[in-house]
Amino acid sequence: MAPSWRVIVLNLLVIDWVNMSQSEDKYLHLRKIILKHERQEFMGADLNWTAREAEVDQYLLKLKRSELLDPAAFSAGESFLTAKEKIDKSKVFEFIRQIPKGASLHTHLLAAVSADYIIKNFTYEDNVYGCFNEQKIFKLRVLQDASQDRNCSWKSLKAYRREFEENQRNFDDFLNTQLVLDVRSLNQSKEEVWATFKNTFSTLYDLVSYKGFFGRFVFRLLEELYADNVIYTELRGTFMPIYELNGTTYDAGVFLDTFIQTVEAFKQLHPDFLGVKYIHNFFRGMSNEAFQAGLDQLISYKKSYPDFIAGLDFVGLEENGKCLVEFHEELLGVINHLKFFLHAGETDEFGGTDLNLVDAILLNSTRIGHGFALPKHPKLMKMVKSQNIAIELCPISNQVLKLLQNLRNHPATALLSKNYPVVVGNDDPSTWNASGLSYDWYYVLMAMTPEDQGLRVLKKLALNSIEYSAMGEKEKTRAFNVWNEQWSRFINNFANSVK
């Protein structure tokens, strides 16, 4: 039976049908109406738009179409681990780097400073030691001498470097393999990649916990984000045991104080950088008793640092840890004291681990980390939209950590196409030799949007990053004011430069 065009059109927009000229092909006109409505529902279509923004958008779309037509320039199915070199030469990427991005809301503290910086600035200093522990993980630590810690066969990095040079090897290259995933992971299973990924945190943890390095580490983290036009960030981490060279170890208060003091020092130098909030991580494999004890500690520190501590999350391979429902009683007990920013649905399972999404929604999570499995659950999608819960999209992470290969097939394209609340994060950028947000933004634009979608999507991502942050209303107002000034300046400067 032929389709009832009249019924279809009534479900779209009657006026489009009424205004059709008598000479037009009815079928082609109906087709045009459908595509028009799809564009009107896509992320960013609801934004106010100026003539100058339209000019810049046309310039961006020209670049985008050119790269999409050149397989040597862009392939959504090529791993970021090998594609980064091409992206660095991309004109679209160069454009994205210049955009005021607002906030970075999904970044893990220990994986947010480039490995190259750490190697060159920390590992050449005196008293830095290394060793392979019983799990064959290479650990880094600052010690007075090797006898200070008998739990490992420590050797100074100066000695390691001499030995490597004698064997015509480069120790810095070796360190890089301990801190960054490389092409070897392309042939590994998801579980193997995750094991290597977790080891990079173990390698770095004790080194960064050293009091002489921690503040410098945080400062560099902020520099790398600020260089990518980010003006605010929320960082996930744990209370690190800050220690002195003589072995003195401090409580979490010193970790928090050093963190906050470093942020304030950075803001003094960069007045348009608005600040940092901290999201505390719990390991999803921990016992309920340990979790409750950790919650009690977190609540105590939240009272002392109410503006800095935003809330909590769980970390670790979702499929290997406890489901959120197993912690629901403890979480409900603190729901009036802490916000939740829960990783959920970071899986390709269906009917198993993905059901963490149900609990994230029931627990009124402020945002949901990844939400990769969400489009499999139409009821949950409606609940996310109605409750205005933002999804933290981290496309490079999903690819490198083996949830999918071709980013054109990313399930979050369904969220973008319906203008769901989505923000883009970088997750663990240093682990795949990235920095800032631009690489992830690049993939969203090039692989996850139609050919004719450009600047509107990027503008919406920036606005969402502020709207769905953990900032208070006054903080958001200031953030929007700062960002709007940056955006207007960017648009005007760019429009003038391409004339």
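# Salt bridges, a sheet and a surface patch

Visitor: Starting with R216, what is its relative accessibility?
Guide: R216 has a relative accessibility of 32% and therefore counts as partly exposed, the class between buried (under 20% relative accessible area) and exposed (over 50%), with a 1.4 Å probe and protein chains only. This is a predicted model, in which local features need pLDDT of at least 70 and side-chain atom pairs count only at pLDDT 80 or more, while totals for chains, interfaces and linings use all residues. Residues are numbered from 1 along each chain as its sequence is written, and side-chain values use heavy atoms, leaving out hydrogens and water.

Visitor: And which residue forms a salt bridge with R216?
Guide: The partner is E125, with the closest N and O atoms 2.9 Å apart; a salt bridge here is a side-chain nitrogen of Lys or Arg within 4 Å of a carboxyl oxygen of Asp or Glu. The pair links distant parts of the chain, 91 residues apart, since R216 lies in helix α11 (residues 211-226) and E125 in the loop between α7 (115-121) and β2 (128-132). Helices (H or I, at least four residues) and strands (E, at least two) are DSSP runs numbered from the N terminus.

Visitor: What about E223 and R220, how far apart are they in helix α11?
Guide: They are 3 residues apart in that helix, which means about one helical turn separates E223 from R220, and their salt bridge has its closest N and O atoms 3.5 Å apart.

Visitor: Changing topic, what is the strand order in the open sheet?
Guide: The 8 strands run β1-β5-β6-β7-β8-β9-β10-β11 with parallel pairing, where two strands pair if DSSP finds at least two bridges between them. At the edges are β1 (102-108) and β11 (422-424), each of which pairs on one side only.

Visitor: Inside it, how many bridges do β8 and β9 share?
Guide: β8 and β9 (residues 367-370) pair in the parallel sense over 4 bridges, and A344 has H370 in β9 as its bridge partner.

Visitor: Last one, where is L355 found?
Guide: L355 sits in the loop between β8 (339-344) and α15 (356-362), and at 37% relative accessibility it counts as partly exposed. Together with V358 and L362, L355 forms a nonpolar surface patch of about 250 Å² accessible area, computed by the Shrake-Rupley method with a 1.4 Å probe, and for residues only the protein chains shown count as cover. Patches are made of residues with over 30% relative accessible area and no salt bridge, joining like charges within 9 Å and nonpolar side chains (Val, Leu, Ile, Met, Phe, Trp, Tyr) within 5 Å.
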